Amino acid sequence: MFFGGDYNPEQWDEAVWKEDDALMRRARVNLATVGVFSWALLEPEEGRYDFAWLDAHLDRLHANGVSVDLATPTASPPPWFTLAHPDAMPVTRDGARHIHGSRDTYCLASPAYRTAARNIARALAERYGEHPAVVMWHVHNEYVTLCWCDHTAAAFRDWLRDRHGSLEALNEAWGTAFWSQRYGSWEQVLPPRATNWHQNPGQHLDFRRFWSDLVLAAFREQRDAIREHSDRPVTTNMMLPGYQNVDLWALGREVDVISIDHYPDAPGLDAAADTAFAADRARSFAGGRPWLLMEQGANTVYDGDRILGKEPGEILRHTIGHIARGSEGALFFQWRQSRAGAEQWHSAMVPHAGADSRIFREVQAVGEAVERLGEVEGSTVTAEVAVLHDADAWWAMEVDGLPSADLDYHGSLRRAHRALWEAGVTVDFAHPEHDLSRYRFIVAPALFLLSDAGAANLRRYVSGGGTLLVQHFTGFVDEYLHARLGGYPATPLREALGIRVEEHRPLRRGEHIVLSDGTRATVWSELLRSEGAETVLTYTHGMLTGHPALTRHRFGQGEGWYLSTRLDDPGYAALITRILGVGTEPPGVESVTRHATDGRSWEFLLNHTATTISLPESAHDLLTGAPVSELPPGGCAVLRKNR
């Protein structure tokens, strides 16, 4: 199991390096990510490399028993690059060009940037491709920066030619007959820059697809340059907040090891649920391959415009939460808290207060705990329930002009996952076009865009014996963002659900309605009629009074449910447990099992409550090396199960 974090020795002097060596041994650090933001030191001027300082640190870490995840520094170009190539700086949607002075000051479509990035990646691989300290390569850092410059425009046009083949096909896909947008030449086509009013939805969706492909191409260039000189696995750290500029299914197929950065955006039990949400997504994108928590904050919880500290014990619980769901260890950003620079208040394993601090003592204890989990390495997590996750559907939900500003793709995914998490169910994420046959229950919380292939696949899933819950505003448009005619959702899915949506009726901000069983709902409602489905709940509101709100339909060997509104949290949780046929778990107690191919298994238990929880029977706890029969408030245990 890996344990450690980003290490930036260039910020410190020799006395601190010696202390780092000793503290890393105390904390059981065995992996350090090095060089993420070191381009200006590694290449002080174009084509001239200075590796002597990095040689010394890699040799020192190796001698201290610490392996290295060696990064390419391309997320933060040096000042000389900016001065030489001002056209490579990112341009905002409204045409403002950024200047140097932060990170992510580059445009992925800039030829000069791509060349410089390949060159530094190749130079590092030539020098360190077989270095004994290097066990993994870390390309770039959080590919999230968008750009709307002229380089982007040229690359976008090339991508559109490849995708659509002709201007006629592009005009049809984008519906340019509306608002006199028909294009007569490729030179007229631009990225979706700032406009007077709503942007063309098809243009927006294709731009997001294009940018994702651009990220993949930039990553592949560096990865392939590294592979010319090294056989060590290559990764890039995915950022998993509420935005995403790359198709994570596609990126997952390109890396050798999935790695993610995760920072909770609310404290307490919400942070625990968000940890599970991020870890389940990472495991799903990995598709059965290893994955690793590349970054977390030792004492960082974001809460709107505040950065909160973690409560005692949360470093361990968040770390164990990720490992429980498949991570092969846990790393932090960063090892030592910076005394200067833009992130000097970002927490670290060694805080400003030094080793004589609560934070470092907890980090040391967590390192010791992770070290005891070595036997779990390589084991996997199996889920029988999935939530559908599609980048196209996410980007489609971001277009201008949708009927309600409260439609939230990421929030809908999190809400579905949270209800399943609270029911004690381990969850995968899956693409609507994946093979879904291994799941007994699937939730489709926000598939506004649903391809023809996806709709047909969901029909097969239900017909083959699966249980599917589809939520409102699903399948209203196809893969071109063209509205489905003749009623929603897409025809194959309508057949599986036994309903036809005729009309959507968004609710006013803050408005609540009551359904026939007293459940409250908000945000959205729909006029639908049954075409074979059983009505489970009806509306008691306005013109929809007596019309179906929740339906159930037997189709083939399976069952399709349709929820045409947004239930409040208690009502939604009750619906999930009703369909699953499970009771509610004790609130705040998390249980996940990892399985090895030889029949061994380990149950991870996390008590997020303030009360002691008794276990059904005493079992051996890997974290303490002793039998355990109860979990104290905030406690964790990893129970070795019998074969």
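I take helices and strands as DSSP runs, numbered from the N terminus. With that convention I placed Gln334 in the loop between strand E11 (327-332) and helix H12 (358-371). I note at the outset that this is a predicted model.

**Entry 1: cis peptide bonds**

The peptide bond from Phe333 to Gln334 is cis, and its omega is near -5°. I then turned to Pro489, where the bond from Tyr488 is also cis, with omega near -10°. I located Pro489 in the loop between strand E15 (467-471) and helix H16 (491-497). For context, I recall that most peptide bonds are trans.

**Entry 2: positive phi**

I recorded two residues here, bearing in mind that most residues other than glycine have a negative phi. Arg28 is not a glycine, yet its phi is positive, at about 65°. I found Arg28 in the loop between helix H1 (14-26) and strand E2 (31-34). Arg28 counts as partly exposed because its relative accessibility is 31%, between the 20% and 50% cut-offs.

Ser180, likewise not a glycine, has a positive phi of about 55°. I placed Ser180 in the loop between helix H7 (167-174) and H8.

**Entry 3: Arg209**

I listed its contacts, leaving out residues up to four places away in sequence: Arg209 touches Trp159, Arg163, Asp392, Trp395, Leu449 and Glu479.

**Entry 4: the whole protein**

I then looked up the overall values. The secondary structure comes to 17 helices and 28 strands. The radius of gyration is 26 Å, close to the 26 Å that the globule rule gives for 643 residues, so I describe the protein as being as compact as a globular protein of that length. Along the principal axes, the C-alpha atoms fill a box of roughly 75 × 70 × 45 Å.

I noted that 59% of the 643 residues count as buried. Of the contacts between residues at least 6 apart in sequence, 71% join residues at least 24 apart.

**Entry 5: surface and charge**

The protein exposes about 25,100 Å², and I recorded that carbon and sulfur atoms supply 49% of this area. For the charged side chains I have 61 positive and 85 negative, and the centres of these two sets lie 2 Å apart.

How values were computed
Residues numbered from 1 in each chain as written. Predicted model: local features only at pLDDT ≥ 70, side-chain atom pairs only at ≥ 80, totals over all residues. Heavy atoms only, no water. Helix = DSSP H or I, 4+ residues; strand = E, 2+ residues; numbered from the N terminus. Rg over C-alpha atoms; globule rule 2.2 N^0.38 Å. Buried < 20%, exposed > 50% of the residue type's maximum accessible area, 1.4 Å probe, protein only. Contact = heavy atoms within 4.5 Å. Areas by Shrake-Rupley, 256 points an atom, 1.4 Å probe, with all protein chains shown as cover. Lys, Arg positive; Asp, Glu negative; His and termini not counted. Charge placed at Lys NZ, Arg CZ, Asp CG, Glu CD.
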